[in-house]
Structures are given as structure tokens and as C-alpha cells.
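Here's a quick tour of a model, going from its sheet to a helix and then to the ligand. Have a look at it first.

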Amino acid sequence: MKLITVKNADEMGKYAGDIFAEAIGAKPDIVLGLATGSTPLPLYADLIRRYEAGGLDFSQVRTVNLDEYAGLPGTHEQSYRYFMDENLFRHINIDPANTHVPDGCAENLDDECARYDALIDGFGGIGLQLLGIGRNGHIGFNEPSGAFSKGTQTVLLAEATIEANSRFFADPAEVPRMAITMGIRHIMLARKIVMVAGSEKAGIIDQAVNGEITPLVPASALQMHPDATVILALE
Ligand code: GLP
């Protein structure tokens with residue numbers, strides 16, 4: 001696992017943008033695993049800039065997002081589908097049919113998890129996976145627990161996660177308690193992984209990169225990945 005430190009969020013966006021642009025250039029129909037949260041925003045802004053400048057073509061790119069809140073429709077402003085549409089997809093020439101986010105409103109969430117795994121397997125896995133990290137070390141919504149998760153699954157969110165994410169909701173009581181998340185297995189099977197983190201995550205990044213590999217710090221699994229890069233912004 002390679003740790004790169006950069007000055008600030010802008011530089012993080014550009015550094016990650018270079019990796020994404022190179023990967024898309026090399027394989028125009030690449031499957032990108034995408035993430036939400038505030039940390040990836042400078043990367044998405046960088047990708048939009050490159051597209052507008054004529055340097056990137058998303059027409060064949062396929063995307064699978066890591067996670068979605070259970071119970072929020074894609075039209076809800078706090079849903080991850082809405083986040084992706086607003087912050088990336090509607091600004092680039094990606095075919096909306098090629099963008100995938102778990103359906104948090106599916107009638108049967110277990111079936112939806114199985115469908116999502118089959119979708120990713122049908123793509124032949126993920127070419128380049130973007131990750132953020134929760135303050136407790138979660139990736140996607142894989143919360144600290146006694147065992148690493150495998151496939152896509154429903155999860156009860158940790159109190160720390162509910163609290164951290166309540167800043168986006170008008171009423172903290174509205175924060176969903178449950179989510180669907182891609183499991184550690186498909187994340188680890190991605191051919192290349194890029195994790196982005198801001199300075200407020202320096203402590204948990206140190207644990208993930210240098211500490212024991214443990215499901216109590218889900219991001220520590222990346223130590224076992226052959227091509228994982230962590231980009232940490234220092235301010
Ligand atoms: C949420 C998402 C994670 C993300 C995390 C950190 O919990 N499910 O995928 O990494 O938030 O978000 P931020 O970048 O806003 O700190």
C-alpha cells in the first residue's frame with residue numbers, strides 16, 4: 001500500500017485525476033468503482049475540468065458506486081444516486097444507463113445485494129476503485145466489525161457514522177440507520193485502488209496503512225492489495 005502526501009484537497013484532486021485519466025485513456029470502457037462523501041469532490045471537479053477541456057471521454061465508461069442509504073430514493077438530495085448525478089454524471093458524457101448505484105428502495109434488499117454482486121461480476125470486476133474513509137476506518141459502509149464482509153450486503157450504520165453524516169440532513173432523526181454497501185471482497189478484487197483522505201483522517205490513515213490488518217479497521221484490508229494508493233492531503 002503506497003501512501004502519497006499532498007499539500008491540500010486541490011492537489012489531491014489533481015493527483016487522483018491523473019490516475020483516473022490515465023486509466024480511462026488506457027481502457028475507454030473501464031469499470032470505475034466510485035465513492036461519495038466530501039473528500040472525492042475535488043477529484044470529480046478535476047475530471048469534469050478534463051472532460052470540458054476535451055481531454056477525457058466517458059462515453060464507454062461504466063461505473064458502480066460503493067453504497068447507498070436504505071430507504072432513500074434517488075431523487076432524495078441526500079441519496080448517493082443524487083450526489084453522483086449532481087457532482088459528476090450530469091457534467092460529463094457518460095451514458096446514464098452505464099452508471100450504477102445500489103437501489104436503497106428495492107422491495108427486497110437482499111435480492112438487490114445479490115443483483116449488485118452479479119452486475120459487478122458480469123462486468124468482470126472493477127478496473128479502478130475510488131475509496132474515501134470514515135473516521136472509524138470504514139470503507140463504503142463496511143463498518144468496523146468482527147469479520148471482513150464479503151459480498152454486497154445491508155448494514156446497520158455505526159453511531160459514529162450516523163453522527164458524522166447527520167451534518168448533511170436538516171433533522172438528524174432523518175439520517176438513515178441502514179445502508180447497502182459493496183463488500184470488501186469486490187473492493188479487494190479491483191485491479192487498482194485509490195483512497196483519498198483529508199488531514200482530519202491522518203490518524204485513522206496511519207492505523208490503516210501501518211497498523212494491524214483487522215476488520216476493526218476495515219481499510220486495513222488494503223494492506224493486502226497489490227496496487228493500492230492512499231492520497232492524504234496535509235491541510
Ligand atoms: C460515508 C460514505 C463513505 C465515505 C465516508 C467519508 O460514510 N459511505 O464511502 O468514505 O462517508 O466521507 P467524507 O469524505 O465526507 O469524510
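Let's start in the sheet: leucine 131 sits opposite methionine 195 in S9. This is a predicted model, where local features need pLDDT of at least 70, side-chain atom pairs count only at pLDDT 80 or more, and totals for chains, interfaces and linings use all residues. Residues are numbered from 1 along each chain as its sequence is written, and side-chain values use heavy atoms, leaving out hydrogens and water.

**Sheet**
- S6 and strand S9 (residues 192-197) run parallel, joined by 4 bridges; strands are DSSP runs of E, at least two residues, numbered from the N terminus.
- The open sheet has 7 strands in the order S1-S10-S9-S6-S2-S3-S5, with parallel pairing (two strands pair if DSSP finds at least two bridges between them).
- At the edges are strand S1 (2-6) and strand S5 (99-100), each pairing on one side only.

**Helix H2**
- Buried residues in H2 include Pro42, Leu43 and Tyr44 (buried means under 20% relative accessible area, with a 1.4 Å probe and protein chains only).
- Just after H2, glycine 54 has a positive phi of about 85°.

**Ligand**
- A polar side-chain atom of threonine 39 is 2.4 Å from a ligand oxygen atom.
- For lysine 201, a polar side-chain atom lies 2.7 Å from an oxygen atom of the ligand.
- An N or O atom in the side chain of aspartate 67 is 2.8 Å from a ligand nitrogen atom.

Notes: Buried < 20%, exposed > 50% of the residue type's maximum accessible area, 1.4 Å probe, protein only. Polar contact = N/O pair within 3.5 Å; in protein donor to acceptor, adjacent residues only side chain to side chain.
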